[in-house]
Amino acid sequence: MRCLEIEGAFENLDPNDYDQTKVSPDTQQLQIGVRGKYNCIALAVCDEERWWWPDKRFPNDNYWPPHLQREHMFCETMENFIMAFETEGYTVCNNGRLDSGIEKIVIYARGDTPTHAARQLESGIWISKCGDLQDIRHGTLACLEGKNYGKAEVFMRRRRDGKAFLFDRIKAFLRSIFPARS
């Protein structure tokens, strides 16, 4: 199903840039003014039951990891988003290239303010939830870059089998032997 609203919102998105047969069925019929159950951040961490955002104004309407800071709308920080994804096992990496056995996400930003996240599927295709609109599968990150989401800025990864990377396991082991001193 072609998503004209999404195409209109992203100046670099062409109808050939996304898979029109893989549009999410549960959001195709959203009415104007009715927010869906989940957003792009939630979709990136595979949580289609909650709307993830650190909005200070409506803490009961948005999930955010409890130990992380809530922030004012349009003043969100990349550091806070990175820490939120770290709670789900992601670590910062250098790029969005497809790596076997690795799930990657990307955080888009306008300036220093996070605006969107997308997750890479095992095929190398990216999946995005576009605000209250549909989920789409897109072949490139550049097709969503522009005035709304800014640029693809930070890449993160985790193993698809749920295990920690060797380096992270070594760091955890060392922390258990040499606890931080206050």
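Is W52 buried or exposed, and what is its relative accessibility? Select W52 to find out: at 1% relative accessibility, this residue counts as buried. Here buried means under 20% relative accessible area, exposed means over 50%, and partly exposed is in between (1.4 Å probe, protein chains only).

Before moving on, a word about what is on your screen. This is a predicted model, where local features need pLDDT of at least 70 and side-chain atom pairs count only at pLDDT 80 or more, while totals for chains, interfaces and linings use all residues. Residues are numbered from 1 along each chain as its sequence is written, and side-chain values use heavy atoms, with hydrogens and water left out.

**Stop 1: the rings around W52**

The structure holds seven aromatic pairs. Rings of Phe, Tyr and Trp (its six-membered ring) pair if their centres lie within 6.5 Å; planes under 30 degrees apart count as stacked, over 60 as edge-to-face and the rest as tilted. W52 and Y63 both sit in the loop between α2 and α3, eleven residues apart. Y63 has 23% relative accessibility and so counts as partly exposed.

Now show R50, which lies over the face of Y63, at 3.8 Å from the ring centre. Such a charge sits over a ring if NZ of Lys or CZ of Arg is within 6 Å of the ring centre and within 35 degrees of the ring normal. Then widen the view to W52, W53, Y63, W64 and F81, which form one aromatic cluster.

**Stop 2: helix α3**

F81 leads us to helix α3, residues 78-86, whose buried residues are M78, N80, F81, I82, A84 and F85. Helices (H or I, at least four residues) and strands (E, at least two) are DSSP runs, numbered from the N terminus. Colour α2 (40-44), β1 (91-93), β2 (102-110), β3 (113-120) and β6 (151-159): they are among the elements that cover the buried residues of α3.

**Stop 3: Y108 and Y149**

Which kind of aromatic pair do Y108 and Y149 form? Their pair is tilted, with 6.1 Å centre to centre and 55° between the planes. Y108 lies in strand β2 and Y149 in the loop between β5 (135-138) and β6, so the pair ties together parts 41 residues apart in sequence. Y108 is buried, with a relative accessible area of 0%, and Y149, at 9% relative accessibility, counts as buried.

**Stop 4: K129**

Finally, select K129, which lies over the face of Y38, at 4.9 Å from the ring centre.

Key:
Contact = heavy atoms within 4.5 Å.
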